[in-house]
Amino acid sequence: MNIFAAVGRATLGLLLEIGRLSVFMVDAVSSFVRPPIYWSLVLKQIMRIGYFSLPVVGLTAFFTGGVLALQIYIGASRYGAEQFVPTVVLVGILRELGPVIAGLMVAGRVAAAIAAELGTMRVTEQIDALTTLATRPIKYLVVPRLMAAIISMPILVAIADSIGVFGGYIASTETLGFTGAIYLNTTMNALANKDIFSGLIKAVVFGFIIALLGCYNGFNSKGGAQGVGSATTNAVVSSSILILAANYILTNIFNYFNF
Amino acid sequence: MARAASTAKVELKGVKKRFGPKIVLDGLDLAIPPGQSLVVIGGSGTGKSVMIKCVLGILRPEGGEIYVDGKDVTRVRGRARDAMLRKFGMLFQGAALFDSLPVWENVAFGLIQGRGVARRRARDIAMEKLAKVGLGPEVGLLSPSELSGGMQKRVGLARAIAADPEIIFFDEPTTGLDPIMADVINDLIVKTKAVGTTTLSITHDLVSARKIADRIAMLYKGRIIWQGPTSEIDNSGNPYVDQFINGRAEGPIQMEVRG
């Protein structure tokens, strides 16, 4: 087997996929500003993407905040810096763990659901049927999901941030012996707008990634049940990886601009 | 180069379509005069569905031209394409009903989304069309998943005729149905033809073809190899047509093991 040929094929395949995804993204984003916008579908998707993700995101954020406090305490206590636990929990949750944990949980839940739904619509010719009824599938199926994810994710992350910090508070006061009032006072003093907004900006980007890859994979699924299964897996895996990659890039950008 | 306007309702000239190395349509020529019912027969995988999808713009042909009412619509996009699609109704092989909507909204979909008809008025029209295909108003409130295959086909037919289109395509209208239900569908197609609608059906059900067709054409290896009035199909003098209509394994058509 020629290793260069295999690497070349894989590279060309990757470039082809990036090209297709880019065309799909441009088509979807340009449809944001062209009527009609199906607002009732946007609201329906906000319920499905945002509201119904609340329990899973909230629970994950609570336990992550608690564990974060416990782990930071272990490290900080070696240097007698236990008083920094509330601040580090706050910054860690707001800037990183809130958006990333919410992003990954929503990717698992929502990207999979979108890809499975649109994939099934594709293989049962429902997407073709939309076209024959003079309705553009990108506008009817993709735009409402993208808009809903972009709107829902910052709200979900804001809630996850609050619950995560609360998880840290519970762990610190119940297990580590912190006084509630002092913990809260330190947290409030450390609260900075840029920490909140950097996390919310990430949330918007992650929401876009989740809906885009869910829609893209579902829209382009082929074959029957197996094709829909592959589309669902690809949607979750690719959106999770892209969320982590985007998080790294955004963190670098925020650091560069001291945001 | 300017071409003379066609008098046919729908005309395909030298249409070519391939998927990778597999040539599906190889310079297909076909014309359907206004008000005529044309049935295209041919084995599985000969490109019948691809032909219909090229006319509707779901698939883009690599070569040739497609005319609707004498206008070249081969590469038409945007609003012009929406306007062109409003002339069409389509019954899909698996009905392709939208799972997320009740039956009446499936029927009314093209009226509400494609033509901006008010919901209340569209609902009345949907119920009227459901009655035309023998389904009562109680069916309108059900979900498509609650219907049998035959009922789904009838709902699909009601959706295809909902906006009184000038042209209707039927993709395997009787496949998978029992003989009685198949005849019910055939009768409904004959009724739509009676009001002057131009129809194109693709099928390999010869009983259905004989009942609904004014003319029959046979597609083989991406080209129309024979066409003529329905009454001449038994004396076509074409060995391919003879083998197909008599269902013989021996003859010039060799079944391909791989598609």
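## Helix pair in chain A

α4(A) and α9(A) are roughly antiparallel to each other, a term for angles over 145 degrees. Helix α4 covers residues 85–123 of chain A and helix α9 residues 225–256 of chain A; they pack at an angle of about 150 degrees, with axes 8 Å apart. The axes are lines fitted to C-alpha atoms over the stretch in contact, and angles run from 0 to 180 degrees between N-to-C directions. By class, the contact of α4(A) with α9(A) has 14 nonpolar, nine polar and no charged residues. Ala, Val, Leu, Ile, Met, Phe, Trp, Tyr, Cys and Pro count as nonpolar, Asp, Glu, Lys and Arg as charged, and the others, Gly among them, as polar.

## Basis of the model

This is a predicted model, in which local features need pLDDT of at least 70 and side-chain atom pairs pLDDT 80 or more, while totals for chains, interfaces and linings use all residues. Residues are numbered from 1 along each chain as its sequence is written, and chains are lettered from A and ligands numbered from 1 in the order in which they are written.

## Chain A overall

Chain A has nine helices and zero strands (DSSP runs of H or I, at least four residues, and of E, at least two, numbered from the N terminus). Its C-alpha trace spans about 65 × 55 × 35 Å along the principal axes.

## Contact between the chains

Ten residues of chain A are in contact with 16 residues of chain B (C-beta atoms, placed from the backbone, within 7 Å). On the side of chain B that touches chain A, α3(B) gives the most, with four residues.

How values were computed
Parallel < 35°, antiparallel > 145°, perpendicular 65-115°, else oblique. Contact = placed C-beta atoms within 7 Å.
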